Amino acid sequence: MSDPLDDAETPSGPNASVQSGQSLDAAPKWSDQLQERFAVTLQPDLASWFDDEVWRSPGNGEFVVAVSPETLLKSVPDPVWPPLMPPNFLPLVGSHAGDWLCLRLSDGETATGAAAYDLCHWYHGGGDWLPWGNSLAEALLFDQILPFLPASDHRHAIPSPMDNARSVQPGTNAWQDWMTRWLPEAVRRIAQEQRWQSEGTGWIDDLLNAGVCGVAIGCQLVIDELSNELTRHLMPADANRMGIAWNDIMRWGFDLRTLPVEIANRLQEEGAVQPGAMDPAQQNWPRIESICERIHALAPELAWAAELLGYCRLQRSDFSGATVAFLASMRCSVFTDQSVRLRTHWATSGAEGMAKFGAYWLCRESKLRPESWDSSIDQCAANLAAIANAVPASISMSEYLDCLQNREGGSVRSRLTTFFLERADQKTASGQHAEAVRCLYAAGWDLGTEPMTLYAELLGRLVDVTQVAGWTSHEILARMHRDCFRKRYGI
(Lines give C-alpha, C1' and ligand atoms only; values in the text may rest on other atoms or scores of the structure.)
Protein backbone atom coordinates (compact mmCIF):
# COMPACT_ATOMS: atom_id res chain seq x y z
CA MET A 1 0.00 0.00 0.00
CA SER A 2 1.42 3.38 -0.90
CA ASP A 3 1.70 6.13 1.65
CA PRO A 4 -1.57 8.10 1.45
CA LEU A 5 0.33 11.31 2.12
CA ASP A 6 2.12 10.76 -1.19
CA ASP A 7 -1.19 10.22 -2.96
CA ALA A 8 -2.36 13.81 -2.88
CA GLU A 9 -3.55 15.85 -5.80
CA THR A 10 -3.02 19.57 -6.25
CA PRO A 11 -4.09 21.28 -2.99
CA SER A 12 -7.57 22.72 -3.08
CA GLY A 13 -8.03 23.71 0.55
CA PRO A 14 -7.80 27.07 2.34
CA ASN A 15 -4.00 27.11 2.29
CA ALA A 16 -3.89 26.34 -1.42
CA SER A 17 -4.60 30.00 -2.10
CA VAL A 18 -1.43 30.96 -0.26
CA GLN A 19 0.61 28.48 -2.27
CA SER A 20 -0.87 29.65 -5.57
CA GLY A 21 -0.88 33.38 -4.83
CA GLN A 22 -4.67 33.60 -5.18
CA SER A 23 -7.10 35.33 -2.86
CA LEU A 24 -7.20 33.92 0.66
CA ASP A 25 -10.92 33.21 0.27
CA ALA A 26 -10.56 31.38 -3.06
CA ALA A 27 -11.17 27.84 -1.74
CA PRO A 28 -13.72 26.43 0.70
CA LYS A 29 -12.60 24.86 3.94
CA TRP A 30 -11.51 21.24 3.88
CA SER A 31 -14.39 20.29 6.16
CA ASP A 32 -16.93 21.87 3.82
CA GLN A 33 -15.51 19.99 0.84
CA LEU A 34 -15.50 16.69 2.74
CA GLN A 35 -19.02 17.15 4.08
CA GLU A 36 -20.25 17.82 0.57
CA ARG A 37 -18.25 14.88 -0.80
CA PHE A 38 -19.58 12.31 1.69
CA ALA A 39 -22.91 13.86 2.77
CA VAL A 40 -21.84 13.56 6.43
CA THR A 41 -21.89 16.27 9.06
CA LEU A 42 -18.44 16.21 10.62
CA GLN A 43 -18.16 16.51 14.35
CA PRO A 44 -16.40 19.73 15.46
CA ASP A 45 -13.18 17.91 16.33
CA LEU A 46 -12.91 16.25 12.92
CA ALA A 47 -13.71 19.51 11.13
CA SER A 48 -10.90 21.14 13.11
CA TRP A 49 -8.56 18.23 12.31
CA PHE A 50 -8.90 18.99 8.61
CA ASP A 51 -9.35 22.78 8.62
CA ASP A 52 -6.46 23.44 11.02
CA GLU A 53 -4.40 20.95 9.00
CA VAL A 54 -3.28 19.01 12.05
CA TRP A 55 -2.97 16.01 9.74
CA ARG A 56 0.13 17.58 8.17
CA SER A 57 2.07 17.17 11.44
CA PRO A 58 3.68 13.88 12.51
CA GLY A 59 1.84 11.74 15.05
CA ASN A 60 3.28 10.23 18.19
CA GLY A 61 1.54 6.88 18.69
CA GLU A 62 0.97 3.67 16.80
CA PHE A 63 -1.31 5.48 14.33
CA VAL A 64 0.79 8.18 12.71
CA VAL A 65 -0.09 8.16 8.98
CA ALA A 66 -2.83 10.72 8.48
CA VAL A 67 -4.86 10.62 5.27
CA SER A 68 -4.85 14.01 3.58
CA PRO A 69 -8.16 15.60 2.60
CA GLU A 70 -6.87 15.77 -0.99
CA THR A 71 -6.68 11.97 -0.93
CA LEU A 72 -10.16 11.58 0.55
CA LEU A 73 -11.61 13.88 -2.09
CA LYS A 74 -10.42 11.56 -4.85
CA SER A 75 -12.92 9.21 -6.43
CA VAL A 76 -10.57 6.28 -5.67
CA PRO A 77 -8.58 7.00 -2.46
CA ASP A 78 -5.67 4.61 -2.10
CA PRO A 79 -6.14 3.90 1.68
CA VAL A 80 -9.63 2.41 1.11
CA TRP A 81 -9.13 -1.36 1.20
CA PRO A 82 -12.16 -3.35 0.06
CA PRO A 83 -13.53 -5.91 0.48
CA LEU A 84 -12.34 -6.69 4.04
CA MET A 85 -12.89 -3.06 5.00
CA PRO A 86 -16.68 -2.73 5.26
CA PRO A 87 -18.24 -0.27 2.77
CA ASN A 88 -19.43 2.10 5.51
CA PHE A 89 -15.83 2.66 6.67
CA LEU A 90 -13.66 5.64 5.69
CA PRO A 91 -9.96 5.45 6.71
CA LEU A 92 -8.56 8.57 8.38
CA VAL A 93 -5.32 7.62 10.15
CA GLY A 94 -3.14 4.59 9.54
CA SER A 95 -0.33 2.71 11.23
CA HIS A 96 2.83 1.59 9.49
CA ALA A 97 1.62 -2.00 10.03
CA GLY A 98 -1.41 -1.53 7.74
CA ASP A 99 -4.19 -0.96 10.30
CA TRP A 100 -6.50 2.06 10.12
CA LEU A 101 -8.59 4.29 12.32
CA CYS A 102 -11.79 4.60 10.32
CA LEU A 103 -14.93 6.66 10.43
CA ARG A 104 -17.81 4.15 10.59
CA LEU A 105 -21.22 5.34 9.41
CA SER A 106 -24.17 4.35 11.55
CA ASP A 107 -27.45 3.13 10.12
CA GLY A 108 -28.81 5.34 7.36
CA GLU A 109 -32.25 5.84 8.85
CA THR A 110 -31.02 7.12 12.21
CA ALA A 111 -27.74 8.80 11.24
CA THR A 112 -28.17 12.52 11.85
CA GLY A 113 -25.72 15.23 12.76
CA ALA A 114 -22.84 14.50 15.12
CA ALA A 115 -24.19 11.01 15.96
CA ALA A 116 -23.71 9.80 12.39
CA TYR A 117 -20.47 7.91 13.00
CA ASP A 118 -17.92 6.63 15.45
CA LEU A 119 -14.20 5.81 15.10
CA CYS A 120 -13.08 2.21 14.77
CA HIS A 121 -9.77 0.40 14.68
CA TRP A 122 -9.77 -1.77 11.55
CA TYR A 123 -7.29 -4.66 11.58
CA HIS A 124 -5.77 -5.31 8.17
CA GLY A 125 -4.80 -8.89 9.02
CA GLY A 126 -8.33 -10.30 9.05
CA GLY A 127 -10.75 -7.42 8.76
CA ASP A 128 -11.77 -7.33 12.45
CA TRP A 129 -12.83 -3.97 13.83
CA LEU A 130 -13.37 -2.44 17.26
CA PRO A 131 -14.79 0.99 18.19
CA TRP A 132 -12.09 3.14 19.81
CA GLY A 133 -14.18 6.22 20.54
CA ASN A 134 -17.08 8.44 19.59
CA SER A 135 -14.72 10.93 17.95
CA LEU A 136 -11.27 11.09 16.38
CA ALA A 137 -9.97 12.83 19.51
CA GLU A 138 -11.11 9.88 21.65
CA ALA A 139 -9.61 7.36 19.22
CA LEU A 140 -6.24 9.12 19.31
CA LEU A 141 -6.46 9.22 23.10
CA PHE A 142 -6.92 5.46 23.17
CA ASP A 143 -3.93 5.11 20.88
CA GLN A 144 -1.92 6.97 23.52
CA ILE A 145 -3.14 5.02 26.54
CA LEU A 146 -3.20 1.52 25.02
CA PRO A 147 0.44 0.64 25.87
CA PHE A 148 -0.33 1.47 29.52
CA LEU A 149 -3.53 -0.56 29.81
CA PRO A 150 -3.73 -4.14 31.14
CA ALA A 151 -2.86 -6.80 28.56
CA SER A 152 -1.28 -4.20 26.30
CA ASP A 153 0.98 -6.93 24.93
CA HIS A 154 -2.19 -8.53 23.51
CA ARG A 155 -3.42 -5.48 21.66
CA HIS A 156 -2.97 -7.38 18.39
CA ALA A 157 -3.81 -10.99 17.58
CA ILE A 158 -0.27 -11.20 16.17
CA PRO A 159 1.98 -8.68 17.94
CA SER A 160 3.76 -6.24 15.68
CA PRO A 161 7.56 -6.41 15.76
CA MET A 162 7.58 -2.61 15.86
CA ASP A 163 7.04 -0.73 19.10
CA ASN A 164 5.17 2.27 17.79
CA ALA A 165 4.05 3.64 21.16
CA ARG A 166 6.17 6.74 21.51
CA SER A 167 5.39 9.14 24.31
CA VAL A 168 6.18 12.83 24.33
CA GLN A 169 5.91 15.61 26.86
CA PRO A 170 2.76 17.75 26.84
CA GLY A 171 2.96 20.65 24.43
CA THR A 172 5.61 19.17 22.15
CA ASN A 173 3.36 17.37 19.71
CA ALA A 174 0.64 18.90 17.53
CA TRP A 175 -1.56 15.80 17.66
CA GLN A 176 -1.34 15.65 21.45
CA ASP A 177 -2.28 19.32 21.80
CA TRP A 178 -5.15 19.02 19.35
CA MET A 179 -6.46 15.83 20.94
CA THR A 180 -6.41 17.36 24.42
CA ARG A 181 -8.28 20.44 23.25
CA TRP A 182 -11.12 18.40 21.75
CA LEU A 183 -11.61 15.80 24.48
CA PRO A 184 -14.60 16.11 26.80
CA GLU A 185 -13.86 18.50 29.63
CA ALA A 186 -14.26 15.74 32.23
CA VAL A 187 -11.12 13.94 30.98
CA ARG A 188 -9.10 16.79 29.45
CA ARG A 189 -6.77 17.09 32.44
CA ILE A 190 -5.93 13.38 32.21
CA ALA A 191 -4.61 13.99 28.71
CA GLN A 192 -2.87 17.23 29.63
CA GLU A 193 -0.95 15.53 32.41
CA GLN A 194 -0.59 12.23 30.56
CA ARG A 195 -1.53 10.42 33.74
CA TRP A 196 -1.20 7.06 32.04
CA GLN A 197 2.57 7.44 32.28
CA SER A 198 2.49 7.67 36.07
CA GLU A 199 1.89 4.87 38.54
CA GLY A 200 -1.66 3.93 39.40
CA THR A 201 -4.75 3.09 37.38
CA GLY A 202 -7.34 5.53 38.73
CA TRP A 203 -7.38 7.33 35.38
CA ILE A 204 -8.89 4.20 33.79
CA ASP A 205 -11.97 4.41 35.99
CA ASP A 206 -12.16 8.16 35.34
CA LEU A 207 -12.30 7.54 31.59
CA LEU A 208 -14.90 4.79 31.99
CA ASN A 209 -17.06 6.95 34.26
CA ALA A 210 -16.89 9.76 31.69
CA GLY A 211 -17.92 7.41 28.89
CA VAL A 212 -14.69 7.95 26.96
CA CYS A 213 -13.10 5.02 25.06
CA GLY A 214 -15.24 2.71 27.17
CA VAL A 215 -15.69 -0.10 24.63
CA ALA A 216 -12.00 -0.32 23.72
CA ILE A 217 -10.87 -0.11 27.35
CA GLY A 218 -13.40 -2.79 28.30
CA CYS A 219 -11.98 -5.13 25.68
CA GLN A 220 -8.49 -4.80 27.15
CA LEU A 221 -9.80 -5.39 30.67
CA VAL A 222 -11.57 -8.58 29.58
CA ILE A 223 -8.44 -9.83 27.81
CA ASP A 224 -6.53 -9.24 31.02
CA GLU A 225 -9.07 -11.12 33.14
CA LEU A 226 -8.97 -14.08 30.75
CA SER A 227 -5.18 -14.27 30.66
CA ASN A 228 -3.39 -17.05 32.52
CA GLU A 229 -0.03 -18.73 32.72
CA LEU A 230 -1.21 -21.90 30.99
CA THR A 231 -2.01 -20.16 27.70
CA ARG A 232 1.00 -17.91 28.09
CA HIS A 233 3.59 -20.69 28.39
CA LEU A 234 2.17 -23.89 26.90
CA MET A 235 3.16 -24.25 23.24
CA PRO A 236 1.70 -26.39 20.40
CA ALA A 237 4.89 -28.47 20.45
CA ASP A 238 4.17 -29.42 24.08
CA ALA A 239 0.63 -30.53 23.22
CA ASN A 240 1.85 -32.45 20.20
CA ARG A 241 4.50 -34.23 22.25
CA MET A 242 1.85 -35.32 24.76
CA GLY A 243 -0.67 -36.32 22.10
CA ILE A 244 -3.21 -33.69 23.16
CA ALA A 245 -5.17 -31.76 20.54
CA TRP A 246 -4.13 -28.11 20.56
CA ASN A 247 -7.73 -27.04 20.08
CA ASP A 248 -8.55 -28.76 23.38
CA ILE A 249 -5.70 -26.87 25.07
CA MET A 250 -7.12 -23.60 23.75
CA ARG A 251 -10.58 -24.54 25.01
CA TRP A 252 -9.37 -25.41 28.51
CA GLY A 253 -7.13 -22.37 28.60
CA PHE A 254 -10.09 -20.16 27.77
CA ASP A 255 -11.72 -21.26 31.03
CA LEU A 256 -9.36 -22.98 33.45
CA ARG A 257 -12.30 -24.32 35.41
CA THR A 258 -12.92 -26.76 32.54
CA LEU A 259 -9.41 -28.27 32.58
CA PRO A 260 -9.77 -32.01 33.36
CA VAL A 261 -7.89 -33.16 36.44
CA GLU A 262 -6.13 -35.94 34.54
CA ILE A 263 -4.87 -33.45 31.93
CA ALA A 264 -3.67 -31.10 34.64
CA ASN A 265 -1.78 -33.96 36.29
CA ARG A 266 -0.15 -34.96 32.99
CA LEU A 267 0.92 -31.40 32.26
CA GLN A 268 2.50 -31.16 35.70
CA GLU A 269 4.13 -34.60 35.61
CA GLU A 270 5.74 -33.97 32.23
CA GLY A 271 6.99 -30.57 33.29
CA ALA A 272 5.01 -28.68 30.69
CA VAL A 273 3.75 -26.09 33.21
CA GLN A 274 3.84 -25.44 36.92
CA PRO A 275 0.71 -26.13 39.04
CA GLY A 276 0.04 -22.44 39.56
CA ALA A 277 -0.30 -21.96 35.81
CA MET A 278 -3.52 -23.97 35.89
CA ASP A 279 -5.11 -22.26 38.90
CA PRO A 280 -8.65 -21.09 37.94
CA ALA A 281 -8.31 -18.21 40.41
CA GLN A 282 -6.25 -16.42 37.76
CA GLN A 283 -9.50 -15.62 35.93
CA ASN A 284 -12.20 -13.37 37.36
CA TRP A 285 -15.40 -14.49 35.65
CA PRO A 286 -17.82 -12.30 37.65
CA ARG A 287 -15.85 -9.23 36.56
CA ILE A 288 -15.76 -10.47 32.96
CA GLU A 289 -19.54 -10.79 33.02
CA SER A 290 -19.95 -7.32 34.51
CA ILE A 291 -17.72 -5.70 31.89
CA CYS A 292 -19.34 -7.57 29.01
CA GLU A 293 -22.83 -6.70 30.20
CA ARG A 294 -21.88 -3.01 30.15
CA ILE A 295 -20.19 -3.22 26.75
CA HIS A 296 -23.09 -5.16 25.25
CA ALA A 297 -25.45 -2.38 26.33
CA LEU A 298 -23.13 0.26 24.83
CA ALA A 299 -22.39 -1.56 21.58
CA PRO A 300 -24.88 -4.37 20.84
CA GLU A 301 -23.33 -4.84 17.37
CA LEU A 302 -20.14 -6.34 18.88
CA ALA A 303 -20.07 -10.13 18.99
CA TRP A 304 -17.39 -10.58 21.65
CA ALA A 305 -19.28 -8.85 24.44
CA ALA A 306 -22.52 -10.76 23.78
CA GLU A 307 -20.67 -14.06 23.36
CA LEU A 308 -18.82 -13.83 26.66
CA LEU A 309 -21.92 -12.52 28.41
CA GLY A 310 -23.81 -15.58 27.21
CA TYR A 311 -21.00 -17.89 28.30
CA CYS A 312 -20.88 -16.35 31.79
CA ARG A 313 -24.63 -16.72 32.18
CA LEU A 314 -24.45 -20.30 30.95
CA GLN A 315 -21.89 -21.19 33.60
CA ARG A 316 -24.25 -19.77 36.24
CA SER A 317 -27.08 -21.93 34.84
CA ASP A 318 -28.97 -18.84 33.69
CA PHE A 319 -30.12 -20.61 30.57
CA SER A 320 -32.72 -18.03 29.56
CA GLY A 321 -30.26 -15.16 29.88
CA ALA A 322 -27.56 -17.13 28.07
CA THR A 323 -29.92 -17.87 25.19
CA VAL A 324 -30.79 -14.20 24.76
CA ALA A 325 -27.11 -13.19 24.78
CA PHE A 326 -26.02 -15.93 22.37
CA LEU A 327 -28.85 -15.12 19.97
CA ALA A 328 -27.83 -11.46 20.10
CA SER A 329 -24.22 -12.43 19.38
CA MET A 330 -25.29 -14.38 16.30
CA ARG A 331 -26.66 -11.18 14.81
CA CYS A 332 -23.21 -9.59 15.06
CA SER A 333 -20.62 -9.77 12.31
CA VAL A 334 -17.89 -12.34 12.85
CA PHE A 335 -15.46 -9.49 12.25
CA THR A 336 -16.43 -8.11 15.67
CA ASP A 337 -15.70 -11.19 17.77
CA GLN A 338 -12.00 -10.54 18.59
CA SER A 339 -11.81 -14.33 18.82
CA VAL A 340 -8.02 -14.72 18.79
CA ARG A 341 -7.34 -12.06 21.40
CA LEU A 342 -10.21 -13.29 23.59
CA ARG A 343 -9.35 -16.96 22.99
CA THR A 344 -12.81 -18.01 21.81
CA HIS A 345 -11.54 -19.23 18.43
CA TRP A 346 -11.40 -22.84 19.60
CA ALA A 347 -15.20 -22.93 19.19
CA THR A 348 -14.89 -22.05 15.51
CA SER A 349 -12.04 -24.49 14.84
CA GLY A 350 -11.88 -28.25 14.45
CA ALA A 351 -14.45 -30.75 13.30
CA GLU A 352 -17.10 -29.58 15.78
CA GLY A 353 -16.46 -25.89 15.26
CA MET A 354 -19.17 -23.43 14.22
CA ALA A 355 -18.76 -20.15 12.39
CA LYS A 356 -19.85 -18.24 15.50
CA PHE A 357 -19.25 -18.83 19.20
CA GLY A 358 -22.91 -18.29 20.12
CA ALA A 359 -24.05 -20.79 17.49
CA TYR A 360 -21.61 -23.36 18.91
CA TRP A 361 -23.30 -23.22 22.31
CA LEU A 362 -26.87 -23.00 21.02
CA CYS A 363 -26.30 -26.18 19.04
CA ARG A 364 -24.39 -27.92 21.83
CA GLU A 365 -26.52 -27.22 24.92
CA SER A 366 -30.03 -28.65 24.87
CA LYS A 367 -31.10 -26.31 27.68
CA LEU A 368 -30.40 -23.33 25.40
CA ARG A 369 -33.03 -24.41 22.89
CA PRO A 370 -36.46 -22.98 23.69
CA GLU A 371 -39.46 -23.89 21.56
CA SER A 372 -38.99 -20.78 19.48
CA TRP A 373 -35.68 -18.93 19.53
CA ASP A 374 -37.17 -16.00 17.66
CA SER A 375 -39.61 -15.34 20.52
CA SER A 376 -36.65 -15.04 22.89
CA ILE A 377 -34.93 -12.13 21.17
CA ASP A 378 -37.45 -9.30 21.47
CA GLN A 379 -35.29 -7.51 24.03
CA CYS A 380 -32.17 -7.54 21.84
CA ALA A 381 -33.72 -7.21 18.38
CA ALA A 382 -34.76 -3.61 18.98
CA ASN A 383 -31.18 -2.64 19.83
CA LEU A 384 -29.87 -4.22 16.64
CA ALA A 385 -32.69 -3.15 14.35
CA ALA A 386 -30.89 -0.05 13.10
CA ILE A 387 -27.24 -1.10 12.91
CA ALA A 388 -25.78 -1.44 9.44
CA ASN A 389 -23.11 -3.94 10.50
CA ALA A 390 -25.46 -6.53 12.03
CA VAL A 391 -27.87 -9.20 10.81
CA PRO A 392 -31.23 -7.43 10.44
CA ALA A 393 -33.82 -8.00 13.13
CA SER A 394 -36.26 -9.16 10.45
CA ILE A 395 -34.12 -12.25 9.77
CA SER A 396 -35.29 -15.41 11.54
CA MET A 397 -32.59 -16.86 13.75
CA SER A 398 -33.91 -20.36 13.11
CA GLU A 399 -33.31 -19.95 9.39
CA TYR A 400 -30.00 -18.25 9.99
CA LEU A 401 -28.72 -21.03 12.24
CA ASP A 402 -29.79 -23.58 9.65
CA CYS A 403 -27.49 -21.83 7.17
CA LEU A 404 -24.63 -21.84 9.68
CA GLN A 405 -25.04 -25.56 10.28
CA ASN A 406 -25.04 -26.00 6.51
CA ARG A 407 -26.42 -29.54 6.49
CA GLU A 408 -26.41 -29.54 2.68
CA GLY A 409 -22.62 -29.19 2.51
CA GLY A 410 -20.55 -26.69 0.56
CA SER A 411 -19.25 -23.33 1.72
CA VAL A 412 -21.01 -21.80 4.72
CA ARG A 413 -20.03 -18.33 3.52
CA SER A 414 -21.52 -18.91 0.07
CA ARG A 415 -24.69 -20.39 1.54
CA LEU A 416 -25.19 -17.42 3.86
CA THR A 417 -24.44 -14.93 1.09
CA THR A 418 -27.09 -16.53 -1.10
CA PHE A 419 -29.51 -16.49 1.84
CA PHE A 420 -29.02 -12.75 2.45
CA LEU A 421 -29.13 -11.85 -1.23
CA GLU A 422 -32.47 -13.63 -1.56
CA ARG A 423 -33.78 -11.76 1.47
CA ALA A 424 -32.51 -8.48 0.02
CA ASP A 425 -34.46 -9.15 -3.17
CA GLN A 426 -37.58 -9.92 -1.15
CA LYS A 427 -37.23 -6.73 0.90
CA THR A 428 -36.68 -4.67 -2.23
CA ALA A 429 -39.73 -6.18 -3.93
CA SER A 430 -41.89 -5.31 -0.92
CA GLY A 431 -40.55 -1.76 -0.70
CA GLN A 432 -38.54 -2.35 2.48
CA HIS A 433 -35.45 -0.72 1.05
CA ALA A 434 -33.69 -0.04 4.37
CA GLU A 435 -33.97 -3.71 5.32
CA ALA A 436 -32.67 -4.63 1.88
CA VAL A 437 -29.57 -2.51 2.52
CA ARG A 438 -28.96 -4.24 5.84
CA CYS A 439 -29.32 -7.64 4.17
CA LEU A 440 -26.70 -6.65 1.60
CA TYR A 441 -24.31 -5.60 4.35
CA ALA A 442 -24.83 -8.99 5.96
CA ALA A 443 -24.36 -10.78 2.63
CA GLY A 444 -20.80 -9.53 2.35
CA TRP A 445 -19.69 -8.64 5.86
CA ASP A 446 -21.38 -11.01 8.31
CA LEU A 447 -19.05 -13.95 7.68
CA GLY A 448 -17.51 -12.59 4.50
CA THR A 449 -18.14 -14.24 1.16
CA GLU A 450 -16.36 -16.10 -1.60
CA PRO A 451 -15.07 -15.98 -4.21
CA MET A 452 -13.64 -12.50 -3.83
CA THR A 453 -14.85 -11.54 -7.31
CA LEU A 454 -18.41 -11.67 -5.96
CA TYR A 455 -17.75 -8.46 -4.04
CA ALA A 456 -17.75 -6.47 -7.29
CA GLU A 457 -21.39 -7.43 -7.87
CA LEU A 458 -22.27 -7.08 -4.20
CA LEU A 459 -20.85 -3.56 -3.92
CA GLY A 460 -22.65 -2.62 -7.12
CA ARG A 461 -25.96 -3.83 -5.71
CA LEU A 462 -25.28 -1.97 -2.48
CA VAL A 463 -24.80 1.26 -4.44
CA ASP A 464 -28.13 0.78 -6.21
CA VAL A 465 -30.16 -0.13 -3.13
CA THR A 466 -28.70 2.57 -0.87
CA GLN A 467 -29.64 5.07 -3.56
CA VAL A 468 -33.23 3.84 -3.61
CA ALA A 469 -33.34 3.77 0.19
CA GLY A 470 -32.11 7.35 0.39
CA TRP A 471 -29.02 6.41 2.40
CA THR A 472 -26.94 9.01 0.62
CA SER A 473 -23.77 8.84 2.72
CA HIS A 474 -23.78 5.04 2.55
CA GLU A 475 -24.30 5.19 -1.20
CA ILE A 476 -21.32 7.50 -1.64
CA LEU A 477 -19.02 5.31 0.44
CA ALA A 478 -20.25 2.12 -1.23
CA ARG A 479 -19.60 3.63 -4.64
CA MET A 480 -16.10 4.63 -3.56
CA HIS A 481 -15.41 1.12 -2.20
CA ARG A 482 -16.72 -0.43 -5.43
CA ASP A 483 -14.48 1.79 -7.57
CA CYS A 484 -11.47 1.09 -5.34
CA PHE A 485 -12.15 -2.63 -5.59
CA ARG A 486 -12.31 -2.45 -9.37
CA LYS A 487 -9.08 -0.47 -9.57
CA ARG A 488 -7.16 -2.72 -7.18
CA TYR A 489 -8.30 -6.06 -8.57
CA GLY A 490 -9.23 -5.17 -12.13
CA ILE A 491 -12.76 -6.52 -11.68
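1. Burial. In this predicted model, 56% of the 491 residues of the protein chain count as buried. The chain exposes about 19800 Å², and 48% of that area comes from carbon and sulfur atoms.

2. Secondary structure and contacts. The protein chain holds 23 helices and five strands. Taking contacts between residues at least 6 apart in sequence, 65% join residues at least 24 apart.

3. Backbone points to check. Most peptide bonds are trans, and most residues other than glycine have a negative phi.

4. Pro82 to Pro83. This peptide bond is cis, with omega near 5°. Pro83 sits in the loop that runs between helix H4 (69-72) and strand S2 (89-95).

5. Glu450 to Pro451. Here too the peptide bond is cis, and omega is about -5°. Pro451 belongs to the loop between helix H21 (433-445) and helix H22 (454-469).

6. Glu53. This residue is not glycine, yet its phi is positive, near 55°. Glu53 lies in the loop between helix H3 (44-51) and strand S1 (63-66). Its relative accessible area is 9%, so Glu53 counts as buried, the cut-off being under 20%.

7. Cys213. Phi is again positive in a residue other than glycine, with a value near 55° for Cys213. The residue is placed in the loop between helix H8 (202-209) and helix H9 (214-226). Is Cys213 buried or exposed? Cys213 is buried, because its relative accessibility is 2%.

Terms used: Residues are numbered from 1 along each chain as its sequence is written. This is a predicted model: local features need pLDDT of at least 70, side-chain atom pairs count only at pLDDT 80 or more; totals for chains, interfaces and linings use all residues. Side-chain values use heavy atoms; hydrogens and water are left out. Helices (H or I, at least four residues) and strands (E, at least two) are DSSP runs, numbered from the N terminus. Buried means under 20% relative accessible area, exposed over 50%, partly exposed in between (1.4 Å probe, protein chains only). Contact means heavy atoms within 4.5 Å. Accessible areas come from the Shrake-Rupley method with a 1.4 Å probe; for residues, only the protein chains shown count as cover.
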